[in-house]
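Open the model in your viewer and keep the selection panel at hand. The stops below go from one surface feature out to the whole chain.

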Amino acid sequence: MRVKAVRTRIFKEDEDLEAFITKHVPRLKEGSILAVASKIVALAEGRVVPSGSKAQKEALIRRESEWQSKVLPKWWLTVRDGTAVVNAGIDESNAEGKLILLPKNSFESAQRLYSSLLQNYRI
């Protein structure tokens, strides 16, 4: 197996993800595996909210998860899309004062992206 990292510019909120990928990965062969971070899928879907108070963030964690339990002062153990994640997968890093949520439905998002890329790459 050969692993190759692809350096890109920073992906911005509401950008066209398929166009971004095909620009930075111009060719893809049959049998290749392309890993895409859920964070940029969420950005493409506009799954970004303003950062608020601690109480607002906790309400958002509860809303965005199927199950939750507070385990530390800043951490909730949660289940989202059948996966255990901290704080419902909400990401604050490099978010310019906003909160980046996980994609609304990770499996549907992955299927849509997969189908689109198969067509774009003629695989």
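Which residues make the nonpolar surface patch of about 570 Å²? Select Trp67, Val71, Leu72, Trp75, Leu77 and Val86 in this predicted model. Together these side chains form that patch.

Next, colour by secondary structure and select residues 67-72, which are strand 2, and then 75-80, which are strand 3. Each of these two strands supplies at least two residues of the patch. Strand 2 gives the most, with three residues.

Stay on strand 2 and pick Leu72, which lies in it. Is Leu72 buried, partly exposed or exposed? Its relative accessibility is 46%, so Leu72 counts as partly exposed. The cut-offs behind that label are under 20% for buried and over 50% for exposed.

The chain has four helices and five strands. Traced from the N terminus, the order of elements is α-α-β-α-β-β-β-β-α. Switch to the C-alpha trace: along its principal axes it spans about 45 × 30 × 25 Å.

Colour by accessibility next. Of the 123 residues, 28% count as buried.

Last, select the charged side chains. There are 21 positive and 15 negative ones, and the centres of the two sets lie 5 Å apart.

Methods: Residues numbered from 1 in each chain as written. Predicted model: local features only at pLDDT ≥ 70, side-chain atom pairs only at ≥ 80, totals over all residues. Heavy atoms only, no water. Patch = residues over 30% accessible without salt bridge, like charges linked within 9 Å, V, L, I, M, F, W, Y side chains within 5 Å. Areas by Shrake-Rupley, 256 points an atom, 1.4 Å probe, with all protein chains shown as cover. Salt bridge = Lys/Arg side-chain N within 4 Å of Asp/Glu carboxyl O. Buried < 20%, exposed > 50% of the residue type's maximum accessible area, 1.4 Å probe, protein only. Lys, Arg positive; Asp, Glu negative; His and termini not counted. Charge placed at Lys NZ, Arg CZ, Asp CG, Glu CD.
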